[in-house]
Amino acid sequence: MQEITESKIIGVSTPRVDGPLKVSGIAKYASDHHFPGLLYAWPVCATIANGTVTNLNLSEAEKMSGVVAIYHRANIGPLYRVPPATGFSLILDEKRPPLEDDVVRYYGQYVAVVVAQTVEQARAAAESVRVTYSRQKPDVSEKLLGSPLTTEKPDQKSKRGDAASALQSAQVKVDEIYTIPVETHNPIELHASVAVYDGQKYTLYETSQAVVNHRDVLAQMLGVPTEQVQVITRFLGSGFGGKLWPWPQSILAAACSRNLERPVKLVVSRQMMFQSVGHRPAIDQRIQLAATPDGKLTAVGQDYVNHTSILDDYDEGCGEITPFIYSTPNLLVTGGLARRNVGNPTAMRGPGAVPGLYALESAMDELAIALKMDPVALRLKNEPEVDESLEIPFSSRHMKECLTVGAEKFGWSSRTPEIGSIKQDGVTLGWGVAACSWLAARTETEATVELRQDGSARVACGTQDIGGGTYTVLAQVVSHETGIPVNKIEVVLGDSALPPGPISGGSWVTASVTPSVLEAAQNATKSVLLAAVKSDGSPFKDKKPDDLEFIDGTIRLKGQSASTVPMSEILRIARVKSVSGSGKSQGTFGEAKPKYSFHSYGAQFVEITWQPEIARLRVSRVVTVIDAGRIINPAPARNQIEGAVVMGVGMAMFEETMYDPRSGAPINNNLADYVMAVNADSPKIDVTFLDYPDYKLNALGVRGVGEIGLAGIAAAITNAVYHATGVRVRNLPIRIEDLL
Ligand code: MOS
């Protein structure tokens, strides 16, 4: 498709088309769905993390008012496993169907589910089920590197040259271990499933970042053809990756609905959110850097271990960015897994890159200090010409400009490197920097665009809007192609019955969807031109479609504005209500020999304030410069980066899921005890997007934003803390006592 360089609407901040629905409460989220005869399910959660269920005593619960059924292993009915698959199909993290056996492998694992007339009745009865266990000591320990339970041999993820020898002979070296604790996704919208089975077909209202995959997985697990499952997620109250793949509650709700032939709603409680719908795993990473005295990297080593559950292998992929972010002749990245009695980890915003860059960018700061070199200058010095891991060019990389523009906006040149040397209004300032990157990609996508006689349009795609602005972006793209104003474009997403679209993950929705939507819009306009030349009474009757052009919702003879007729008029003459076009675009994933290395880049500059007298640490100012291709809708794109920065403040300073070593229970399992960054913790944030369209990725040159905003923030904060205090925090989150 031709590169699109000019547009009246692409790149223009456009208010969210779904905004009024959301602020007025009309938008229906999964758990807002009600149906006649709806029943409520509440799971019985294991109170041990390792052992076996030896008895379920239901006698008290069964007698409680409103109870309709209690399901457990013996009576839930058939549930199947999903066959191994490749690519973006049939993905779920917890592959064991719920209630498959009596073994308990993590705290909170569902061992039964109560269905009742009201949610209160279901919960009360679930809490009255008496479960007897044979218990074993769980392992939830967070020390991973070198742990005897590291069951997998470390995998080699990337290698070039001979890192070991280069590290041995290095003149300047850093060799440190960095750890991050378990972080739990806490979207304000709880996970929820409302299952409606009509004796043949399942309609599932879900909190899903991927309705098509969700449908395919549920059809497999229920043992029915995909046509008999429809998954609907019109709106999401965010997800952060926790809602990418189906979790057991969805399968349980569907099975209960099947067994009772009644609609069933199951809302996961906030407490259960810490147990059975994923988390970012605990991760230990060893980073080794070697450099010449003038700051040229000669070797980079990264070895990481992340915890995973007892049954499933979740690899955090911390080495994703390391192989291409800097130039170095020698590199070795390895990764391994350690099994723990925890629920399945899953992707959490910026999986792999975010924890990986925390470690790498901390180590780069330590290297800069060892070299007595400015940390921005160190990064600039090691900027690669090409992707040295794949030996291919970058599609479009402006890392240097991110660093120099950021330094300029931040005022970096006035930084004095000595610890605690910058004071302002009686407090110590610390200034830190980190570079960052995140993958750019497209996945296969189909979409349709309909142009209607009333002058409006409709665009449909089986992707979803997690809250980042997909509804609005697609309206802008259709508006760009057709000239129809955004407020006359209906965007339909979040339904597995629509043409299959991408997961709302990886920050790649916009890059994936826009090519197929553009193609669909072009095909729809072609269809209008055909109607114009074929329809009796049309002023263009018997012309050739090639003689005509479609501009701003009107048809005219090429170059002859006097001949202009509105699209709606042509469709009225043709007596058709609407015409449609479809589009399909290919993915970039899994290409055996990619031609380009596709990524976004950025630089994060952070200021912290430190008041030792009262032990008060604050992140006061962040300047972030992002090179993410063309930005279609700058206002929500900026919101994405701002939100990510605040999440980075939480990652650096607060977030940590703690497990009780005796029971294996996540203990700070609520919004009061699991501390996250809130408005009061938000720094002043200055977001700049460099505007370099990446036409190698798609015609609009768009890569998408979201996760990149979080990458590097935690390291920039700990680097700033070092600058202010002289304390290097290598174990997140930073604790005040670390600094005293
Ligand atoms: Mo994101 S962790 O790819 O939803």
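Helices (H or I, at least four residues) and strands (E, at least two) are DSSP runs, numbered from the N terminus. The model is predicted: local features need pLDDT of at least 70, side-chain atom pairs count only at pLDDT 80 or more, and totals for chains, interfaces and linings use all residues. Residues are numbered from 1 along each chain as its sequence is written.

The protein contains 16 helices and 27 strands. Its radius of gyration, taken over C-alpha atoms, is 27 Å. The globule rule (2.2 Å times the number of residues to the power 0.38) also gives close to 27 Å for 740 residues, so the protein is as compact as a globular protein of that length. The C-alpha trace spans about 85 × 70 × 50 Å along its principal axes. Of the 740 residues, 56% count as buried. A residue is buried if 20 or more other C-beta atoms lie within 10 Å of its own, exposed if 12 or fewer, and partly exposed in between, with C-beta atoms placed from the backbone. Two residues are in contact if their C-beta atoms, placed from the backbone, lie within 7 Å. Among contacts with a separation of 6 or more, 82% join residues 24 or more positions apart.

Gly468 sits in the loop between β19 (457-460) and α12 (470-482). Gly468 is buried, with 24 other C-beta atoms within 10 Å. Beyond its neighbours within four places in sequence, Gly468 contacts Pro636, Gln640 and Gly706. Asp312 is 156 residues from Gly468 in sequence and 30 Å away in space, C-alpha to C-alpha.

Backbone geometry came next. Most residues other than glycine have a negative phi, and most peptide bonds are trans. Phe240 is not a glycine, yet has a positive phi of about 60°. Phe240 belongs to the loop between β11 (229-232) and α6 (248-260). Phe240 counts as buried, because 26 C-beta neighbours lie inside 10 Å. Glu391, also not a glycine, has a positive phi of about 55°. The loop between α10 (375-381) and α11 (399-410) holds Glu391. Glu391 counts as exposed, with 9 C-beta neighbours inside 10 Å. The peptide bond from Leu732 to Pro733 is cis, with omega near -5°. Pro733 lies in the segment after α16 (713-725).
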